[in-house]
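The sequence and structure come next.

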Amino acid sequence: MRHMWTIDDLRQLTLFATCPSRTLEQLIPHVYCRTYRKGQLLFMEGDPRERVYFLMSGYVKLERMNENATHHYADYVKPKQFFPYNGLFTGEDYRHTAEAVTDIEVIYIPTDRFERFVSTQSSMLLYIISQMNRILDLHERRVQEIITPSAKERVINTLHFLIEDLGEPDEQGVRVRCPFTAIELSRLSGTSRETVSTILAKLRKEDVLRMDAHQLVIGHPEYFEQDSD
């Protein structure tokens, strides 16, 4: 595990890419690195919002349940992304629980230090606003696509959302490297595991999609674009 981060390291992250070196030098003493094993929690909903994070490798799930545990919300963070945006500059507590979906490496910065630093950098504030708008737009469309009485459409639309949010170009088409099980996909789509398994089997038979060590490999991503029209 690395204990010291340099200015060049921070420039791997889009938020800091154009920040002057002298400015970044002020932040370096407050940047820490840590690794987590798959299944470990970074923080829980309701905990004091003491740190903000940048995910350097692996995947993180942000999850929230209602009081009766009858409604499940989950979002995923991929490498080189900042989290959590929710509550930035305003909230005192975390609004989600963060769990390592895989083994991960993060850098974190004390929230008060980060917010004071960013508040003086107009370009960073503009970048944060643009990312928050992107996330809002993506999740508005996610809600619109998933609210349907058809279980099949909910599964297809959930897969479409994951491809759009987490998919990366691959020699076989598009690959979602964040691992998913049929149970997790059923929770996201509000359907049964059996329904998800049936639809995945059909898509595999049609050479649209297959599972490779719990990673989604999409040979024909245009299928989901057409289906969502």
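A nonpolar core here is a set of buried Ala, Val, Leu, Ile, Met, Phe, Trp, Tyr and Cys residues joined through side-chain atoms within 4.5 Å. Buried means under 20% relative accessible area. The model is predicted.

**Nonpolar cores**

The largest nonpolar core holds 28 residues. Within this core, L159, F180, L203, L209 and F224 touch the most other members. At least two residues each come from β5 (72-77), α5 (151-166), β10 (173-176), α6 (182-189), α7 (193-205), β12 (215-218) and α8 (222-227). Helix α5 contributes the most, with seven residues. A second core is separate and has 25 residues, among them C33, V52, F114 and M124. In soluble globular proteins, nonpolar side chains tend to be buried together.

What does F224 touch, leaving out residues up to four places away in sequence? The contacts of F224 are I156, L159, H160, I163, L203, V208, L209 and I218.

An unreviewed UniProt entry lists residues 149-222 as "domain: HTH crp-type". This span is 51% helix and 20% strand.

**A buried arginine**

R49 sits in the loop between β2 (41-43) and β3 (51-57). Is R49 buried or exposed? R49 counts as buried because its relative accessibility is 7%, and the cut-off for buried is under 20%. The R49 side chain reaches the backbone oxygen of G91 at 2.8 Å. Beyond four places in sequence, R49 touches N86, G87, L88, F89, T90, G91, E92, D93, Y94, T111 and E115.

**Salt bridges**

The whole structure contains 13 salt bridges. Side chains of opposite charge can pair when their charged atoms come close.

| Salt bridge | N to O distance | Relative accessibility |
|---|---|---|
| E45 and R64 | 3.3 Å | E45 36%; R64 36% |
| E194 and R193 | 3.5 Å | E194 47%; R193 41% |
| K202 and E206 | 2.7 Å | K202 38%; E206 39% |

The E45 and R64 bridge links distant parts of the chain. E45 lies in the loop between β2 and β3, and R64 lies in strand β4 (residues 60-65), 19 residues apart. Both partners are partly exposed, E45 and R64. E194 is partly exposed too, as is R193. K202 counts as partly exposed, and so does E206. Elsewhere, salt bridges with shared partners join E168, D170, R175, R177 and D212 into one network.

**Aromatic pairs**

The structure has twelve aromatic pairs. In one of them, the ring centres of F16 and F54 are 5.4 Å apart and the planes meet at 50°, so the pair is tilted. F16 is in the loop between α1 (7-10) and α2 (21-25) and F54 is in strand β3, so the pair ties together parts 38 residues apart in sequence. F16 and F54 are both buried.

F43 and Y94 form a stacked pair, 3.7 Å centre to centre with 15° between the planes. F43 is in strand β2 and Y94 is in the loop between β6 (82-83) and β7 (97-100), so this pair ties together parts 51 residues apart in sequence. F43 is buried at 4% relative accessible area, and Y94 is buried at 5%. Y94 is also among the residues that R49 touches.

Which residues form one aromatic cluster? The cluster consists of Y32, F43, Y53, F83, Y94 and Y108.

Definitions and conventions:
Residues numbered from 1 in each chain as written. Predicted model: local features only at pLDDT ≥ 70, side-chain atom pairs only at ≥ 80, totals over all residues. Heavy atoms only, no water. Buried < 20%, exposed > 50% of the residue type's maximum accessible area, 1.4 Å probe, protein only. Helix = DSSP H or I, 4+ residues; strand = E, 2+ residues; numbered from the N terminus. Contact = heavy atoms within 4.5 Å. UniProt positions renumbered as here; feature names shortened; annotations may be inferred. Polar contact = N/O pair within 3.5 Å; in protein donor to acceptor, adjacent residues only side chain to side chain. Salt bridge = Lys/Arg side-chain N within 4 Å of Asp/Glu carboxyl O. Phe/Tyr/Trp six-rings, centres within 6.5 Å; stacked < 30°, edge-to-face > 60°.
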